[in-house]
Structure formats: C-alpha cells, structure tokens
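Biologist: Before I use any of these terms, I would like to hear what stands behind them. Please take them one at a time.

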Amino acid sequence: VFKRRREVELKHGRISMLACIGYIVPEYFKWPGYLSPQMGLKFADIPNGLAGFSKVPDVGLQQWVAFIGFLELFVNKPVGDEPGNYGKGNLGLLGVLGPVKDPEARKKKLSAELANGRLAMMAIMGMLFQDGLTGSA
C-alpha cells in the first residue's frame, strides 16, 4: 500500500512541477505562429491560466489527452521495485544523463524531488484558486 501511495505522490508532484512551469512561462513567452490555422487562432491569442481552456479548440484538448494517455500506457513503464522509477535516468531525460549511481546522492535527490513535488502541489493549487477568484495568476 505504501509503495503505491508513494508512486502516486511522486507522479502528482512531477505533474504539479510541470504545471507550475506551464502556468508561469506563458506570462513571459508565447510561441509565434498559429495554434489553429483553419480557425485563424494564434498562440498569442490564448489567454494565460484557466481562461485558456475555453479558447483552445476541443480537438487540441483531445490531442493532449491522447498524448498523455499514450505516455501513461505505452512509454512510462515502472522499472524495478522502486516507486516512481521509470528507467529514464537523471532528470527523466530518456537516460541521456544516466542514472544516479552514488546511493547517498540518489537518496538526497529523491528526497529533494519528493519535497519539491509536495511544494509544487500546493503552489499549483494556490495559482488555480487565485486565477479562479481574481481572473489572473
């Protein structure tokens, strides 16, 4: 039971860390060009935060759901008995940087990931509530 809960905690933490980055980066950078050329919708036309969901075409949201489902079902397979280990190596970069071999450094990095994930879960909830109440994050 603990292993499964730790794995879920790590996954939610990783998603929350990406969500925080995804919430902050569009404040400073938008891709040039069109999100949907047929609709004449540019990336710059999509508002930040929760308001963006109403502007992105449904097909675009469905593509995200299909992509994430593909990753969950076919790409991210657990490796070994360690919770949250998908065999992607250091920083999850498809093994480019290789695994952390030193046990003490590995323990420290995994503890930092867990703590940062917990913080990111709280941070993204705060950003979502702020955006929902005030209309801006």
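Biologist: What is the accessible surface of the protein chain, and what percentage of it belongs to carbon and sulfur atoms?

Modeller: The accessible surface comes to about 10,200 Å², and 66% of it belongs to carbon and sulfur atoms. Such areas come from the Shrake-Rupley method with a 1.4 Å probe; for residues, only the protein chains shown count as cover. This is a predicted model, in which local features need pLDDT of at least 70 and side-chain atom pairs count only at pLDDT 80 or more, while totals for chains, interfaces and linings use all residues. Residues are numbered from 1 along each chain as its sequence is written, and side-chain values use heavy atoms, with hydrogens and water left out.

Biologist: Which pattern does the protein chain follow along the sequence?

Modeller: The pattern is α-β-β-α-α-α, from 4 helices and 2 strands. These are DSSP runs numbered from the N terminus: helices are H or I with at least four residues, strands E with at least two.

Biologist: Why is Val25 called partly exposed?

Modeller: Buried means under 20% relative accessible area, exposed over 50%, and partly exposed in between (1.4 Å probe, protein chains only). Val25 has 38%, so Val25 is partly exposed. Its place is in the loop between α1 (2-24) and β1 (34-36).

Biologist: And what makes Gly69 partly exposed?

Modeller: Gly69 has a relative accessibility of 24%, and therefore counts as partly exposed. Gly69 sits in helix α3 (residues 58-75).

Biologist: Which residues make the nonpolar surface patch?

Modeller: Ile21, Ile24, Val25, Tyr28, Phe29 and Trp31 make a patch of about 710 Å². Patches are made of residues with over 30% relative accessible area and no salt bridge; nonpolar side chains (Val, Leu, Ile, Met, Phe, Trp, Tyr) are joined within 5 Å, like charges within 9 Å.

Biologist: What is the nearest side chain of opposite charge to Glu7, and how far away is it?

Modeller: It is Arg4, 4.6 Å away. A salt bridge is a side-chain nitrogen of Lys or Arg within 4 Å of a carboxyl oxygen of Asp or Glu. Glu7, in helix α1, is buried yet has no salt bridge. Lys and Arg count as positive and Asp and Glu as negative; His and the chain ends are not counted.

Biologist: With which residues is Glu7 in contact, leaving aside its neighbours within four places in sequence?

Modeller: Pro78, Pro83, Gly84 and Tyr86 are in contact with Glu7, where contact means heavy atoms within 4.5 Å.
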